[in-house]
Amino acid sequence: MAEPLAPIATLQSFAIEIIVNGTPWKGNVPAEEVLLDFLRYRLKLTGTKRSCESEVCGACTVLVEGKPISSCSYLAFEANEKSVTTIEGLASGGELDPLQEAFIRNLGAQCGFCTSGQIMAAKALLLNNPAPSYEQISEWLNGNICRCGCYPAIAQSILEAAEEYKNRR
Amino acid sequence: MLQPFRVLAPANIEQASTELVRLGERATIYAGGAELILLLRYGMVHAEYLINIKCIDGLSEISWDGQTVQIGATVTHGRLETDPLIHERLPLLAVAESQIANIRVRNQGTLGGNLCFNDPHSDPGTALLLHEAEVILASKGGRRRIPLSDFFSGMYETALEPGELLEKVFVAPLPIEWGAVYLRVHRYQRPTLNVAVAAKLQNGTVEDARLAVGCVGPKPQRLSELEAKIRGEKLDGAKRICADSKRYLKDRLEPIDDLLGSADYKIYMAAVLLSRALSQAGQSNGKG
Amino acid sequence: MLGHESMATPADTRNIISPTAEPRFDLRDKVTGQTRYVEDLPEPAGTAYAAMLLSPYSHARLLSIDSSKAEKLPGVVAILDREHLDGLSPMLHTPRYEYMVKTLSGPLPNDQPLVVIDKGRFHGELVAAVAADDLRTAQKAVELIDVNYEPLEPVFDAAAALDASAPILHESKGTNLLLEDEMEWGNVERGLREAARVFEETYTSPSMFHHPMENVGGCVAQFLNDEAVIWGATDAPFRDSDEMADFFQMDRERMRFRVPYIGGHFGAKNVTNYMLAALFLSRKSRRPVKIVPTTEASFRTTARHGMIYTAKAGVRSDGTLTALDVDMIIDTGAYTTGAVLATHNMVISAWGCYRIPNVRITARCAHTNKVPASHTRATGKFQTTWAVECLIDSVARKMGMDPTDFRKKNLLRRGELVVQGAPPMDADYLEMMDKAAAAIDWDGHSSMEPQGRSDSSSPSPPAKGRALVLTLRNGNQGGGRAYAMASVDVRGNVKIHHNAPDPGQGIYNLISIIAAKTLELPRSQIIVGEPDTAVSLPFSGVNAQRTTIQLGNAVKNACENLKQELVNVACEIKGGNPSEWRVADARLWRAEQSFSFGDVAASIKTLGDNSVLKAMGSYSPPSGRSAFGGLDHWATSAAAVELEVDVETGEIKILQFSLVTDAGKILHFNSAKGQIEGGAVMGFGHALFEETVYQDGQLLNADPFQYRLPTMQDIPELFRTILLENEDGPGPFGSKGMSQTSITAVAPAVGNAIYDALGIRIRSVPITPEKILKALGKF
């Protein structure tokens, strides 16, 4: 496959080590490569999506050190020695995360394009606040746009997942 | 797709400043990148060199020296939103910071980046103006300390001289008995307009007040003339004066019609929010 | 629960087609990031990337274009612009819906070129495209193209465009009036004379953008051995592959369209100039060509039509409507594209769901220098429902009547004639209205005195308002014969082959449910194929609420035919005649003998272990090349909203929302609920926030930064969806089309509730705080 970023034109590369979904990756990345392209083209993790590329829509949300970031506008080399979690890293050994199960149950996704971002943002929320109210959920997720309009189902899924996390503790 | 660039990682202000001078228009300061990456992507800024200041000691600290809170330029909005020191000493700033854009932008964007970009439609500047914040501008030649109001020289313009970078922001808390409120009109990613109001009430009278309005016009403004008018008024009277101050606001703020709203709407809402904020500040009197 | 409800009437004991607990099978991949959309597909070896040059003007002559520097850039493999067409005729085919408009005697001329030839007519029109080894080189090459424009005066207002002094977009047409349409019955002049009072009102709706999360126009195109295959998003692969083949003057069977999962559609995705450009560049360079459009480019591919609706309504003193005279001006943007469909849709929906003996609808569709508008969820119906339901409310109020009572008096009852050539009303609005109101703890009646305004100096509580609205839309329309194929293999797994893409409604899930139910097989044994026009199973497209009925019935038919085929083979191999065999519990039975489907398939033995039994199925909607041709049922709903308005700031807070729709039969509850809720969310966006803004010669807000989309914070927590099941629809198991019954309800509900709260009538969407404050006289 043609490299979308022509290495010849690159002025500077960084040698980095990133932990992506628990697995270390070592290699060189051009300075100007954004995390989204790094994940999609270098690691072939296509679950994180490209949409607005201006930090508004949330389709590209991944977690860096547990915090949600717009991967479309975050330089890949900045993740050096940091842990990055994408949608592909949420399930552990074939077992889905309670968020994923709740989304399935409640149809928290229709076309599915925003879903990775919604779930990663929700994951960060529940790490930050294990028992959010509907209002707190909608405030935290106000930067994750769903054009299919699954918001009621997404909110319901997060409430249920929060309950499930609580039961498991 | 971003055009290729090099990233420099100076260890201190002097090195950063030297590079800025040496490279001139070919370089730009890079902290969080929340704004810069977008500008690079849309071709509004061309930079061959990004000067990464995140590695410089002291730029990412929040500290208290007994009188002022010192915030380093590369402190993120997310940190300011949740930091206990900010909540204790500058709760108004914490509120303004918590409303910026969305959670991702707050995790990545920095206060320094925000102030230096000086987008008129912005949250923190108005709150900081209310606090009469000052900024430290540093270069290899030394440091200077100027009021934030002077730092904001125009729309997307600051008082930074070539070779200078914003190092810290000094913010003095409001006096204890003052109530402070931050309100805004918010429809798009950036606020349509915002007001920051602090007031000290005694027996229902406005003993003293500070009023700031942002996003209407090229930069946020302290409304010292209006403050003078309401000093000594009963709260109801003060609110009415604010609500009736449209002509004054229009002259002071120079509103324009844009996608976010018409000039008339912004002036009307500025008056409404000032009045409301004053009311709320009066209620939260003494709670800071 | 958050306040969601479903009600199945007459009784919950009815046959449940698919338990709610049975999830949609595509969800697992969607929540784990495994689902593949166009950009995610593995790229063929040698893929080149294309970048595009879009016109920066809304109206400009293209004086010259010189791509020689771009061509010479190392890494560039092909160029497309007006100088590099290689003899290709550049005109796109105007969509063929002309039979829907009686004033048209033939197809409208093709007026949109692939790339700008003489004039650019909208901001963002494709001027050139460059394919290169990598995207950065392609973008650099685009920057090297030398273009000279002569800017011309643009016109952005459809009414102004019809004025004699307006700049003309298409000189060959000599006018910006593209087409006219009309419909009438009775005698509207007499009807207005018979009225006690006549009211004249105007309502408007601006251009908007669908904004699917996956940008419009992305594709991978590859020419190989004089055949083309294109991976892209569309709702109608057959329609589009035919169009692409015709454009390249190729045999239609040599154009193969493969459609992966689609990241949102809403009418936006069909053949775009970008796809044709990718095909062109691929053919020229002999390399696969991939296009990944940006959001800004996506905004410039399509739009929702703008509308100005002016009506005269005549009413007797007892509140009976006697006449309605509607004149509409429709803004279709720079090219014909969806003009015919939108105009037709608006004409046939302009009187709502009311009994009006004398009606005249006239519509004029005009060109403006805006992005050409086309299909958009509830094409034309969103706009007319906004107008009609506000008009009805306004007329009622002016007559001193409660709007709900006024509606009850005039609405069409089950069995009543709606209009000649269309089915009679097949739903119960009275029941839906009562349920919608009850769901927000209301009896549907309004105080005739709005809560009143207050001056800004006194503290005032928010003003509360409520409203109840009705919607009517044709249930599904036209499209010709739909085909599906079912095959069973030796393991007993049944695969359904079809050409209905899944943009998110759960089409594949629906197919799986219908197949499983018809064949009495567990869902785990049903495999649903992905659309591929090489498997020649025409279907007119996943739009116009037609899929459940048309494709659903085709799938059902295919499965029934498969059962028959299994019986036939069982007879051949095991003996007996067909009447002795029956199919039950996933087996074939004759007396005491039974065989699994897999056994029967294996018994053919002609293909060894790969034996497969197949059967085709099809379905034709009712025929008729008329305004209501093909219409076989109505999609109806009632919605209620409660909101509050801050009288000082004009800010609106939606407190409760309910929607009741007559679904016929629910095939998958969460999917149905999801469609209703999702449509309502988009409806809130249209009602409160959305419009594409054209000013100073430019499209100003073609990005989500400035085009306001609804977020979770804009949706009320109390959101009730009620789905009625009378099992009387033409779709499988009695289902009806209902995916567009919610988007149309929101805007008029909000507008009327604001009147209820404040006594002010907002006549244009989006309903903004600024408009409210202006109407209140605040500034």
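Two strands pair if DSSP finds at least two bridges between them. I note this here for the strand entries below. The model is predicted.

**Entry 1. A hairpin in chain C**

I looked up strand 21 (residues 587-590) and strand 22 (residues 593-596) of chain C, which pair in the antiparallel sense over 4 bridges. I asked which residue of strand 22 of chain C is the bridge partner of L588(C). The partner is F595(C). The hairpin made by strand 21 and strand 22 of chain C has 2 residues between the strands. In this hairpin A591(C) takes a positive phi near 55°.

**Entry 2. Chain C as a whole**

I counted the secondary structure of chain C next, and it comes to 18 helices and 28 strands. The C-alpha trace of chain C spans about 85 × 75 × 50 Å along its principal axes.

**Entry 3. A three-strand sheet in chain C**

I then turned to an open sheet of 3 strands in chain C, where the order is 4-2-6 and the pairing is antiparallel. Which strands are at the edges? They are strand 4 (119-120) and strand 6 (146-151) of chain C, and each pairs on one side only. Strand 2 (residues 60-66) of chain C pairs with strand 4 of chain C over 2 bridges, in the antiparallel sense. I noted one bridge by residue: R61(C) has K119(C) in strand 4 of chain C as its partner.

I looked at helix 16 (residues 669-688) and helix 17 (residues 743-758) of chain C, whose axes come within 7 Å and cross at roughly 40°. That angle makes helix 16 of chain C oblique to helix 17 of chain C. The crossing of helix 16 of chain C past helix 17 of chain C is right-handed. From helix 16 of chain C, the residues in the contact are G679(C), A680(C), M682(C), G683(C), F684(C), H686(C), A687(C) and L688(C). From helix 17 of chain C, they are I743(C), V746(C), A747(C) and V750(C). I sorted the contact of helix 16 with helix 17 of chain C by class and found 9 nonpolar, 3 polar and no charged residues.

**Entry 4. A cis peptide bond**

Most peptide bonds are trans. I recorded the bond from V765(C) to P766(C) as cis, with omega near -5°. P766(C) is found in the loop between helix 17 and helix 18 (769-775) of chain C.

**Entry 5. Chain B**

I found 13 helices and 14 strands in chain B. Its radius of gyration is 19 Å, close to the 19 Å that the globule rule gives for 288 residues, so chain B is as compact as a globular protein of that length. Taken along the principal axes, the C-alpha atoms of chain B fill a box of roughly 60 × 45 × 35 Å.

I followed one open sheet of 4 strands in chain B, with the order 11-12-13-14 and antiparallel pairing. Strand 11 (179-185) and strand 14 (221-222) of chain B each have a single partner strand, so one side of each is left without a neighbour in the sheet. Strand 11 of chain B pairs with strand 12 (residues 193-202) of chain B over 7 bridges, in the antiparallel sense. L183(B) stands opposite V195(B) in strand 12 of chain B. I also saw that helix 5 (residues 91-98) of chain B packs on the sheet, where it touches strand 11 and strand 12 of chain B. The direction of this helix makes about 15° with that of strand 11 of chain B.

**Entry 6. Chain A**

I looked up helix 2 (residues 98-106) and helix 5 (residues 151-168) of chain A, which pack at an angle of about 140° with their axes 8 Å apart. Why do I call helix 2 and helix 5 of chain A oblique? Angles over 145 degrees count as roughly antiparallel, and the angle here is about 140°, so the two helices of chain A are oblique to each other. Helix 2 of chain A passes helix 5 of chain A in a right-handed crossing. By class, their contact has 9 nonpolar, 3 polar and 5 charged residues.

Last, I checked a backbone angle. Most residues other than glycine have a negative phi. E55(A) is not a glycine, yet it has a positive phi of about 65°. E55(A) lies in the loop between helix 1 (35-42) and strand 3 (61-64) of chain A.

Terms used: Residues numbered from 1 in each chain as written. Chains lettered and ligands numbered in written order. Predicted model: local features only at pLDDT ≥ 70, side-chain atom pairs only at ≥ 80, totals over all residues. Heavy atoms only, no water. Axes fitted to C-alpha atoms, helices over the stretch in contact; angles between N-to-C directions. Parallel < 35°, antiparallel > 145°, perpendicular 65-115°, else oblique. Left-handed = near helix turned anticlockwise from the far one by under 90°. Nonpolar A, V, L, I, M, F, W, Y, C, P; charged D, E, K, R; others polar. Contact = heavy atoms within 4.5 Å. Rg over C-alpha atoms; globule rule 2.2 N^0.38 Å.
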